[in-house]
Amino acid sequence: MGHGIAQVCAMAGYSVVLTDADPEALQRAMEHVQANLDKGVDRGKVEPTVRDLALSNLSTGDLAAAAKDADCVIEAVPERLELKRQLFGQVATLAPEGCILATNTSSLSIDAIADGLAAPDRVVGTHFFNPVHIMPLLEVVQGEATRTDVIDTIRALGDRIGKEVIVVKDRPGFATSRLGVCLGMEAIRMVEEGVASPEDIDKAMVLGYRHPVGPLRLTDLVGLDVRMHIGTYLARELGNRAFEPPELMRTMVAEGRLGKKTGGGFYDW
Ligand SMILES: NC(=O)c1ccc[n+]([C@@H]2O[C@H](COP(=O)([O-])OP(=O)(O)OC[C@H]3O[C@@H](n4cnc5c(N)ncnc54)[C@H](O)[C@@H]3O)[C@@H](O)[C@H]2O)c1
């Protein structure tokens, strides 16, 4: 996610310093960006001048170099609360006082990430979607302490990088995961009950509701294990059984039928 976010920001003219704890990952990230931009130019989707601009705006460095003089730091380290808190603690000592601390968390509480920082009012959620250069949505998450001017600045950033911005409160699952996972779990319960085949349940949503992809195919793409984890978390946090992973899902996960990544889930891949 990090390299995708860096790419769209650099393409929009922002000066971006990309960093990673793992030098090889950093190297790979730059190669991905280069390859992605080249592919965009080959397909006529990216102007050669925009590719050149993006590459000239993008550099790499260590965390101190990335944070120094930054107006905004967007973190995309793995989804672990302690790791994100620790990272923002470090960034807070390295970045200018006014620097916005944005997190690409897809499920963690913004308030929990900001907790303990001297200035939690500059922490905000910037939830991007994969692949970042294609998916049009930016889900901005406003924590209890997040200042309104921070939201305004992130809105402007979203506009400039060509994303549609929505702003949601810091509640479990935000807007996207809460609705998406709820639909996915219900679709699995319908397969369990024999209401219809996975193909027909997906067609119901694709053709009847104009969803680009059906809830079962999407579950296969995301990974049944990943979705089961989120469902369990949302069921607990929201106290709502609708998010509880159905028995069929638990069985499929136990059998290693995790979706696309294992070659099979609700579909054969
Ligand atoms: N993959 C998705 O589709 C997706 C979508 C939306 C949001 N997210 C969120 O984005 C974040 C990253 O997800 P990902 O799939 O890109 O993960 P990833 O594991 O592919 O990448 C994480 C990177 O962080 C680096 N890293 C680890 N610790 C670090 C540290 N202390 N300092 C600097 N770099 C460090 C790792 O070396 C790795 O390159 C997570 O919070 C995830 O929930 C992911």
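## Buried or exposed

A residue is called buried if 20 or more other C-beta atoms lie within 10 Å of its own, exposed if 12 or fewer do, and partly exposed in between, with C-beta atoms placed from the backbone. Glu31 has 11 other C-beta atoms within 10 Å, so Glu31 is exposed. Glu31 sits in helix H2, residues 23–42; helices here are DSSP runs (H or I, at least four residues), numbered from the N terminus.

## About the model

What you see is a predicted model, where local features need pLDDT of at least 70, side-chain atom pairs count only at pLDDT 80 or more, and totals for chains, interfaces and linings use all residues. Residues are numbered from 1 along each chain as its sequence is written.

## Two domains

The domain assignment, which is automatic or from a database, gives domain 1 (2–169) and domain 2 (176–261). Their C-alpha centres are 29 Å apart. Where the domains touch, four residues of domain 1 are in contact with four of domain 2; contact asks for C-beta atoms, placed from the backbone, within 7 Å.

## A covered helix

Now look at helix H10, residues 215–222. How many of its eight residues are buried? Seven are, and the helix is mostly covered. Among these buried residues are Pro215, Arg217 and Val222. The cover over the buried residues of H10 includes helix H8 (176–192), helix H9 (198–208) and helix H11 (224–238). Just after H10 comes Gly223, with a positive phi of about 110°.

Definitions and conventions: Helices (H or I, at least four residues) and strands (E, at least two) are DSSP runs, numbered from the N terminus. Two residues are in contact if their C-beta atoms, placed from the backbone, lie within 7 Å.
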